[in-house]
Amino acid sequence: MGKVVLVTGAARQLGARFVRRVQRDAGVARVVAVDAEAPAHDLGEALFVRADIRQPTIGRVLAEYGVDTVVHLDVTGTLGAGGRTAVKETNVIGTMQLLGACQKSPAVQRLVVKSTTSVYGSAPRDPAVFTEATPPKSLPGGGFAKDAAEVEGYVRGFARRRPDVAVCVLRFANILGPAADTPFAEYLSLPVLPTVFGYDPRLQFVHEDDVLDVLRIAASEPRRATLNSGTFNIAGDGVLTLSQCSRRLGRPTVPVPLPAVRWVGTALRTVGASDISPEQIRLLTHGRVVSTVQMRETLGFTPAYTTAEAFADFARSRGPGLLPPDTLGRAVDRVADRVGERPGATAGSTHSGG
């Protein structure tokens, strides 16, 4: 008998790709794809069950199909038709309901949860590099980061109540790639990028193909000399600054004073161009870099793409920007030089905050 894998969030692009990928594994007998919406993407030979994880019906799905492995991808920062309220309910209430169902199911042996490095927050006094054991300076105040922090808290409670279940939490850096549909990918797709005046944050990315590969590792029996239970940061090697990103995209930046960035975000959200949330503004201000030592040494996963390579693949899929990268680079350098000449401006212009 092979494994029976249940995947939540299967209607989204990433969930559908993972469903198609995992059903090719030799040890998998059946894949049950679950979502409250009908999938817009091909699910291969997987069985699709239309179910809302916020409802008790998810428990019946686990029992009916004898699910032993649950991959919870229905934790997202992308707003849908129901807006922020519906997303939060699915992220938090849906996770609680799913964990309750898993706790009651004796067949469940493994749980994989998609999380985010946003749980560390972005603040002025952050460490240069976050490890999995680094507590945030302040808990996220709202948005997807707060949802993810709450989800992880519930998952830790589940792990204590069901120590027989192998639990793996994957904290992903910003996911990029040709098909990426994340809020940060939307921001980078704007023709002109609003930035926080005086800041050039350091950023990390993970390619969507690497996301699928590490999910497969987490959902399987651990490889020899590795352990795939616990919490792991997942990101490509290296970092990019926001100014480097804008140059490589050929998209000019518009530095905006910090208080005004919120107005810009509201305006973009109103016209449906993008959704620059408060947590994203903090990232654009202070940046965030995480350690991936545990990903390599404990989980045994080495991404195929570095941060720069993941970004380059994303940039190619978006086509040319308004300006040639070389021209834009020279213009950004001139502006940076002039800002740096202003008394007291140097420290603020180079601060990345980790």
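Visitor: How many helices and strands does the secondary structure of the chain come to?
Guide: It comes to 13 helices and 13 strands, taking helices as DSSP runs of H or I with at least four residues and strands as E runs of at least two, numbered from the N terminus. Keep in mind that this is a predicted model, where local features need pLDDT of at least 70, side-chain atom pairs count only at pLDDT 80 or more, and totals for chains, interfaces and linings use all residues. Residues are numbered from 1 along each chain as its sequence is written, and side-chain values use heavy atoms, with hydrogens and water left out.

Visitor: What makes helix 1 oblique to helix 6?
Guide: The axes of helix 1 (residues 13–22) and helix 6 (residues 208–219) come within 10 Å and cross at roughly 55 degrees. Under 35 degrees would count as roughly parallel, over 145 as roughly antiparallel and 65 to 115 as roughly perpendicular, with the rest oblique. So helix 1 is oblique to helix 6.

Visitor: Which residues of helix 1 meet helix 6?
Guide: Q13, L14, R17, F18 and R21 do, where contact means heavy atoms within 4.5 Å. Among their partners in helix 6 are E208, L212 and R216. The residues of this contact divide into 6 nonpolar, 1 polar and 6 charged.

Visitor: What pLDDT does the chain average?
Guide: The average is 86, and 83% of the residues score at least 70; pLDDT is the predictor's confidence in each residue, from 0 to 100. Over residues 339–354, though, it is below 50. Where pLDDT is low, the predicted coordinates should not be read in detail.

Key:
Axes fitted to C-alpha atoms, helices over the stretch in contact; angles between N-to-C directions. Nonpolar A, V, L, I, M, F, W, Y, C, P; charged D, E, K, R; others polar.
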